[in-house]
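Here's a quick briefing to read alongside the model. Take a look at the fold, and then we'll go topic by topic.

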Amino acid sequence: ERYRQQRAAGAAVYDSDSGSWSVYTHDSVKRILADYEHFSSQMQENPSEDEPIEGSILRRDPPKHKQMRSLIAKAFSAKVVEGMEPQIRKIAEELLDRAASSGSLEVVSEFASPLPVIVIAELLGVPSEDRELFKGWSDDLVGNDYARYLQCQKEMAAYFRIQIEDRSKQPTDDLITALMQSCMADENGLSELEVIGMCILLLVAGNETTTNLISSMIMCLERSPETYGELRRDRGLIPGTIEETLRFCSPVQVMERRVKADMDWNGHAMQAGQRVYAFIGAANHDEGVFADPERFDVTRSPNPHLAFGQGIHFCLGAMLARLEAKVALHVIVDRLERIQRLEDGPLERLNSDMMFGVKRMRIQV
Ligand code: HEM
């Protein structure tokens, strides 16, 4: 409802308290995210060495962004991701089997959260026993404690520095080795700190987001038993279900940019240094683009949602996230006749304005 009112308020809405802008319509969110000439992704003037994420690809503008992206794309290729499918299936099946013996599954902590953490740990080539550590870091990074946020980037940097040292002595066939080989090969490549930033970003950008995609998908299907029945009869609806969940429950609700120089943007006087919040979650419910936007419709076509962003920063992990969601849903549809919640009452949402997801949901298996 708040998003609907804000969309009606115009292309950009100024908040004089924080001196920042917010955009809510599909058209303006799409344009702001793609317009790197006027809107920078670098939020800090001089990112410090203590915050590798601030110096990572997510926060860089061209030409540095392009250099990083092409180096990383070599290591994190479609072939590498597609090759993960059998392992992802095995992990998803094991997680469900473990729950089956108890008769119930807590969707978030027992399925949607461990799945992406184990997958990225295997891809990077770090022991999956370390996943409690990763989970703790992911939580601290999206939490509200700034001291913890900084401390945890230090811990992660130290962790990956050791991983990189190990592989410079003994290369393996994992993603860290591939990143080192493609990124640090010559003087035109990336620094060790930049590779560390990339490892951290891969670890954290993909976990919470994919967890929320998978659990929201199960939540939407629990609320729509007819759709679940159709999926059981026709697995061809699975990709549409994933896209519609991305639109309907966008895991990343908002991304930020910084105005590069004073300018007039659609009649709004924006000033250098001001922040702009692009509300992806609102754009994906824009009634001007999506007919009947509050309806969860797995046959919606086209479905031009902006859940993975737009333009040069378009999510590097989109293929992996879609693959994990697809395999997760296949495994569930294969095994569960229906999705039945074991508790009554409303589901509790994550208390975050940035991320959308449910805290927990117990279902029968
Ligand atoms: C960028 C969303 C999963 C890695 C982005 C952006 C969005 C996004 C909106 C654009 C940020 C911007 O424009 O500033 C999501 C969602 C996911 C997901 C909704 C799951 C459903 C993943 C996964 C990985 C990943 C699994 C990797 C393992 C990245 C990276 C970038 C990025 C590295 C930065 C790309 C660049 O700056 O060029 N993601 N993501 N994401 N994502 Fe994802």
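First, a term: a residue is buried if 20 or more other C-beta atoms lie within 10 Å of its own, exposed if 12 or fewer, and partly exposed in between, with C-beta atoms placed from the backbone. What you're looking at is a predicted model, where local features need pLDDT of at least 70, side-chain atom pairs count only at pLDDT 80 or more, and totals for chains, interfaces and linings use all residues. Residues are numbered from 1 along each chain as its sequence is written.

**Overall build**

- The protein has 16 helices and 9 strands; helices (H or I, at least four residues) and strands (E, at least two) are DSSP runs, numbered from the N terminus.
- With 365 residues, a compact globule would have a radius of gyration near 21 Å, and the protein agrees at 21 Å. That radius is taken over C-alpha atoms, and the globule rule is 2.2 Å times the number of residues to the power 0.38.
- Along the principal axes, the C-alpha atoms fill a box of roughly 60 × 55 × 35 Å.
- Of the 365 residues, 41% count as buried.
- Take the contacts between residues at least 6 apart in sequence: 70% of them join residues at least 24 apart. Two residues are in contact if their C-beta atoms, placed from the backbone, lie within 7 Å.

**Around the ligand**

- The ligand is surrounded by 25 residues, the closest being Gly206, Thr209, Gly309, Cys315 and Gly317.
- By type, the shell has 17 nonpolar, 7 polar and 1 charged residues. Here Ala, Val, Leu, Ile, Met, Phe, Trp, Tyr, Cys and Pro count as nonpolar, Asp, Glu, Lys and Arg as charged, and the others, Gly among them, as polar.

**H5 against H7**

- Helix H5 (residues 85–100) packs on helix H7 (residues 114–124) at about 145°, with axes 10 Å apart. The axes are lines fitted to C-alpha atoms, for helices over the stretch in contact, and angles run from 0 to 180 degrees between N-to-C directions.
- H5 passes H7 in a right-handed crossing. A crossing is left-handed if the near helix is turned anticlockwise from the far one by less than a right angle, and right-handed if clockwise.
- On the H5 side you'll find Gln87, Ile88, Ile91, Ala92 and Leu95, which meet Pro114, Leu115, Ile118, Val119 and Glu122 in H7. These contact residues split into 8 nonpolar, 1 polar and 1 charged.
- Pro114 of H7 is buried, with 21 other C-beta atoms within 10 Å. Leaving out residues up to four places away in sequence, Pro114 touches Leu95 and Arg131.
- Pro114 and Ala92 are 22 residues apart in sequence, and their C-alpha atoms are 9.1 Å apart.

**H10 against H11**

- Helix H10 (residues 175–183) and H11 also pack at about 145°, with their axes 11 Å apart.
- The contact uses Ile176, Leu179, Met180 and Cys183 of H10 and Val195, Met198 and Cys199 of H11. The tally is 7 nonpolar, no polar and no charged.
- Glu192 sits in H11 and is partly exposed, with 16 other C-beta atoms within 10 Å. Beyond its neighbours within four places in sequence, Glu192 is in contact with Ile164 and Met184.

**The buried side of H2**

- In helix H2 (residues 26–34), the buried residues are His26, Ser28, Val29, Lys30, Ile32 and Leu33.
- They pack against strands S2 (20–23), S3 (39–40), S5 (254–259) and S8 (275–279), plus helix H15 (280–283).

- Most residues other than glycine have a negative phi, and most peptide bonds are trans.
- Pro62 and Pro63 are joined by a cis peptide bond, with omega about 5°; Pro63 is in the loop between S3 and helix H3 (64–75).
- Ser301 and Pro302 are joined by a cis peptide bond too, with omega about 0°.
- Asn266 isn't a glycine, yet it has a positive phi of about 55°. Asn266 is in the loop between strands S6 (263–265) and S7 (268–270), and is exposed, with 12 other C-beta atoms within 10 Å.
- Asp292 has a positive phi of about 50° and lies in the loop between H15 and H16. With 9 C-beta neighbours inside 10 Å, Asp292 counts as exposed.

Definitions and conventions:
Near = placed C-beta within 6 Å.
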